[in-house]
Every structure is written in C-alpha cells, then in structure tokens.
Amino acid sequence: MVQAVIFDMDGLLLDSEDFWQQAEFETFSALGVPLKLADTAKTVGWRCDYVVDYWYQQAPWTGPTCGEVADLIINKVIALLRQHGALLPGAREALQRCQHLGLPVALATSSNHNLMLAALEHFELAAYFQATCSAQYLPYAKPHPQVYLNAAAALNIAPEHCLALEDSVTGVIAAKAARMRCIAVPEAHLRHDPRYSIADKVLDSLLQLDDSLLLNR
C-alpha cells in the first residue's frame, strides 16, 4: 500500500515546459547554436547543466562558460514563470487529495533549487510538502534515482512504499529505478511514446487521479 506520494515539478504541477524551451532556444540561438525550437524537446526532463553540456558538445561556443549559460536559462525561466506561469489542471487538487488522505508528500525535481523555491512561493504550494528535494547539487540528476531516494528518506518512508508522479520518460526511469510505483502524466503529443510503458499507469491529466490510484487499492 502507498504510504507517501512524491511529485515531480516542471511539466507535472507547473505548466512550464514551454518556458524551458523558449529560454533554451533564445539562449542557445544567441550563442550561435543551430537549433530549432522543436529540438529543445530532446532534452525535456533533463537538469539544466545536462542540457547545456549536450548543446555545447553539438556546437561549442566561445564566451560564457557552460555554468554561466545554465544560470542565464534558469533566470529566464524564473522570470517567465512569475509573469506567465500557471499550474496544470488538477495539480492543486492532487496535492489537496493527498492531504485529505493523510499521505505525506515530497517534491523531487531536477530543477535548480532557486527555481524550485520561486515556484513554491509564487503558487503558494510550500504548505503541501513535508519535504522538497532538488537534484541541483547531486552528482547525477534524473534518470538517476538519487533525488527520489532522497525524497523518500526525508519522509522516512521506504522507496517501495512511495508513489511517484511524473510527466517525462526521464523522470519515470528515475522513479522506477528507485523501486517506486509510478504514475505518468505525459504531454498530449507524447502520450503514445512506448517508453511510458514502464510506468504503472499513464493518465491524460492529474484530474484523473483518484483515491484508489493514490493508495493503489
């Protein structure tokens, strides 16, 4: 039986994937990296430094360091989030449902720590979480399971008794590697990607999340 729920952030709770794509496209284009907006979909769910390193390998630039480029992208995303950000349908309701069921809740994100804090403050979500974990300072981010293992440890719940909620294939891999049950909520155009078959359940929206799915009854 599920004893705790661990949420991803970008693309699951926050309608922010377009912000990441916009910030990455604008930043890399300004550095002379020959990419199209659609190319940014290749790195959905990756930690920002992974994304920057990937594109640097494809088309090395001169001037700012990879760390400086990552900071620039993150700051753009924070600004876009504050100006235009919204929660995805069912996000707050899912957190409230967990609260009603008495399930401890944690956040496990590959996003930068400052971005995580900015999102929690802007959308007034902090009170729903008993633990918040960013993979920013971990040696490896998703698809490595460490951020999920850290979240489970922070809740003092064994990973195999945790339910992870994810939107990306990268995140689903991380959750399953942590030995957690995982429900995936992909973007509509990715829903039929066969890689989501490793998830225990695939939903169209968090609005479909009910007590039986949360508790695995």
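A: Let's start with Thr 43, which counts as buried at 3% relative accessibility; buried means under 20% relative accessible area, exposed over 50%, and partly exposed in between, using a 1.4 Å probe and protein chains only. This is a predicted model, where local features need pLDDT of at least 70, side-chain atom pairs count only at pLDDT 80 or more, and totals for chains, interfaces and linings use all residues. Residues are numbered from 1 along each chain as its sequence is written, and side-chain values use heavy atoms, with hydrogens and water left out.

Thr 43 lies in the loop between H1 and helix H2 (48-58). Helices here are DSSP runs (H or I, at least four residues), and strands are too (E, at least two), numbered from the N terminus. Leaving aside residues up to four places away in sequence, Thr 43 touches Glu 24, Val 51, Tyr 54 and Trp 55, where contact means heavy atoms within 4.5 Å.

Two of those neighbours, Tyr 54 and Trp 55, bring us to the rings. The whole structure has six aromatic pairs; rings of Phe, Tyr and Trp (its six-membered ring) pair if their centres lie within 6.5 Å, with planes under 30 degrees apart counted as stacked, over 60 as edge-to-face and the rest as tilted. Trp 46 pairs edge-to-face with Tyr 54, at 5.5 Å centre to centre and 85° between the planes. Tyr 54 also pairs edge-to-face with Trp 55, this time at 5.0 Å and 80°. Ring pairs join Phe 28, Trp 46, Tyr 54, Trp 55, Tyr 56 and Trp 61 into a cluster.

The axes of H1 (residues 17-30) and H3 (residues 66-84) come within 9 Å and cross at roughly 140°; axes are lines fitted to C-alpha atoms, for helices over the stretch in contact, and angles run from 0 to 180 degrees between N-to-C directions. H1 and H3 are therefore oblique to each other, since under 35 degrees counts as roughly parallel, over 145 as roughly antiparallel, 65 to 115 as roughly perpendicular and the rest as oblique.
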